[in-house]
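Here's a quick briefing on the model you're about to see. Have the viewer open and follow along.

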Amino acid sequence: MERNQMHKHIFLMRQSFFDQGLLDDQFIQLEELQDDANPNFVEEVVTLYYRDSSRTILNIEQSLEKNPLDFNKLDNYMHQFKGSSTSIGAKKVKAECTQFREYCRAGNGEGCMRTFQQLKKEYAILKKKLETYFQQTRQAGPSETACRPRMN
Amino acid sequence: MGISTESQFHVLAVDDSLIDRKLIERLLKTSSYQVTTVDSGTKALEFLGVHEDDQSNPDIPSVSPNTHQEVEVNLIITDYCMPGMTGYDLLRKIKESSSLRNIPVVIMSSENVPSRISRCLEEGAEEFFLKPVRLSDVNRLRPHIMKTKPKDQQEDKQENKEEELGKPEFQSREEKEEQQQQQQHHHLQHQHSNSNKRKALEEGLSPDRTRPRYNNGLTTVV
């Protein structure tokens with residue numbers, strides 16, 4: 001009984017990620033690549049993303065402290081970061097990346113900094129939520145009707 | 001390990017992004033390809049065992065010949081935007097190499113730039129995929145990979161897996177392959193590959209790539 005409840009809870013949690021625009025269809029693409037032989041694929045990719053992108057975030061942070069700002073460099077970093085964010089389906093983060101790049105192209109330093117603060121917020125929120133999601137999914141254990149969609 | 005006596009196809013994936021390498025590797029393995037991933041064009045060429053005498057450009061460093069004979073690569077899929085050697089540069093070097101030019105090359109890019117797409121296709125790329133790459137894209141690799149194997153090894157065990165092909169040009173695949181074996185690769189570009197090129201271009205230009213909606217019954221309810 002309790003297990004079913006846990007699964008339902010996880011299901012709703014996952015659904016909320018989509019409803020709130022935190023994740024997009026690409027996340028589902030990742031889920032579809034997960035199978036019995038690779039049962040933790042999504043979590044692995046997300047973990048890799050946070051590890052890998054933390055360096056890029058640092059680079060951007062440091063670059064934003066320079067005077068004058070090197071918009072080209074910032075744009076390049078963000079191009080990378082946007083790519084990874086897109087690959088895991090991080091919708092809101094990706095939107096902030098796009099905004100940031102627009103400010104870069106416009107040479108708007110203030111805009112870049114503001115957007116970057118917002119980006120970091122979204123990035124952190126998503127991280128926490130996904131950590132919780134994966135943790136609870138593990139705790140709930142495997143289920144015939146697990147929240148991961150099957151390939152039809 | 002990519003030995004040619006096995007009937008498995010071996011794909012070399014090139015991408016400077018760690019995440020994207022992991023993703024493409026999984027996509028390719030799901031489709032039963034053997035995969036090697038490298039993070040740069042330079043490493044790709046090393047892996048392919050590029051020789052000085054194969055190149056028209058003598059500035060390319062020659063590499064140990066050992067890898068060249070043993071590793072067979074049936075397709076190369078590469079990111080476009082990479083620091084140093086871009087995917088386009090890599091494509092050119094491959095097409096310039098007498099030993100490598102017959103290996104089909106596919107380009108991936110996160111940016112939809114029509115001129116970029118045309119340039120790659122004209123340089124000999126088979127397909128151009130917009131990132132993020134999906135299973136349906138990887139399914140399109142099969143006909144290109146099949147070109148590189150002798151006919152008796154072309155039986156397709158993967159046909160049972162869901163394929164989103166269903167396009168007329170793939171139904172007469174064997175006919176197509178027979179044709180290709182008689183013609184040189186560079187002639188193909190201007191003839192029947194045009195339909196592939198155009199399709200990639202069109203898909204590249206379309207702002208409206210159909211994507212399944214997440215709330216469309218994909219989830220299994222508890």
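In this predicted model, helix H5 (residues 114–123) of chain B lies across S4 and S5 of chain B, running at about 150 degrees to S5(B). Contact here means heavy atoms within 4.5 Å, and axes are lines fitted to C-alpha atoms, for helices over the stretch in contact, with angles from 0 to 180 degrees between N-to-C directions. Helices (H or I, at least four residues) and strands (E, at least two) are DSSP runs, numbered from the N terminus.

A note on the ground rules: residues are numbered from 1 along each chain as its sequence is written, while chains are lettered from A and ligands numbered from 1 in the order in which they are written. Since the model is predicted, local features need pLDDT of at least 70, side-chain atom pairs count only at pLDDT 80 or more, and totals for chains, interfaces and linings use all residues, with side-chain values taken over heavy atoms and hydrogens and water left out.

**The sheet of chain B**

- Five strands of chain B make an open sheet in the order S2-S1-S3-S4-S5, and the pairing is parallel; two strands count as paired if DSSP finds at least two bridges between them.
- S2 (34–38) and S5 (127–130) of chain B stand at the edges with a single partner strand each, so one side of each has no neighbour in the sheet.
- On average, neighbouring strands of this sheet are turned by 20 degrees against each other, direction ignored.
- S1(B) and S2(B) are joined in parallel by five bridges, and B:Val11 has B:Val35 as its bridge partner in S2(B).
- Four bridges link strand S1 (residues 10–14) of chain B to S3(B), again in parallel; here the partner of B:Val11 is B:Leu75.
- S3(B) also pairs in the parallel sense with strand S4 (residues 105–109) of chain B, over four bridges.
- Look for B:Ile76 opposite B:Val105 in S4(B), and for B:Thr78 with B:Ile107 as its bridge partner.

**How covered the strands are**

- Strand S3 (residues 75–79) of chain B has five of its five residues buried, where buried means under 20% relative accessible area, exposed over 50%, and partly exposed in between (1.4 Å probe, protein chains only).
- In a regular strand the side chains alternate between the two faces of the sheet.
- Both faces of S3(B) are covered, with B:Leu75, B:Ile77 and B:Asp79 buried on one side and B:Ile76 and B:Thr78 buried on the other.
- S2(B) is mostly covered too, with four of its five residues buried.

**Helices against the sheet**

- S1(B), helix H1 (residues 18–30) of chain B and S2(B) form a right-handed β-α-β unit; right-handed means that, with the strands pointing away from the viewer, the path from the first strand over the helix to the second runs clockwise.
- Another right-handed β-α-β unit is built from S3(B), helix H4 (residues 87–96) of chain B and S4(B).
- H4(B) lies across S1, S3 and S4 of chain B, at about 175 degrees to S4(B).

**Chain B overall**

- Chain B has 11 helices and five strands, and buried residues make up 49% of its 222 residues.
- Of the contacts in chain B between residues at least 6 apart in sequence, 67% join residues at least 24 apart.

**Chain A**

- Chain A has six helices and zero strands.
- The C-alpha atoms of chain A fill a box of roughly 60 × 25 × 25 Å, taken along the principal axes, and 51% of its 152 residues are buried.

- A:His79 sits in helix H4 (residues 71–88) of chain A and counts as buried because its relative accessibility is 18%.
- Leaving out residues up to four places away in sequence, A:His79 touches A:Arg101, B:Cys81, B:Ser110 and B:Glu111.
- A:Gly109 lies in helix H6 (residues 109–140) of chain A and, at 14% relative accessibility, counts as buried.
- With residues up to four places away in sequence left out, A:Gly109 touches A:Leu69 and A:Phe71.
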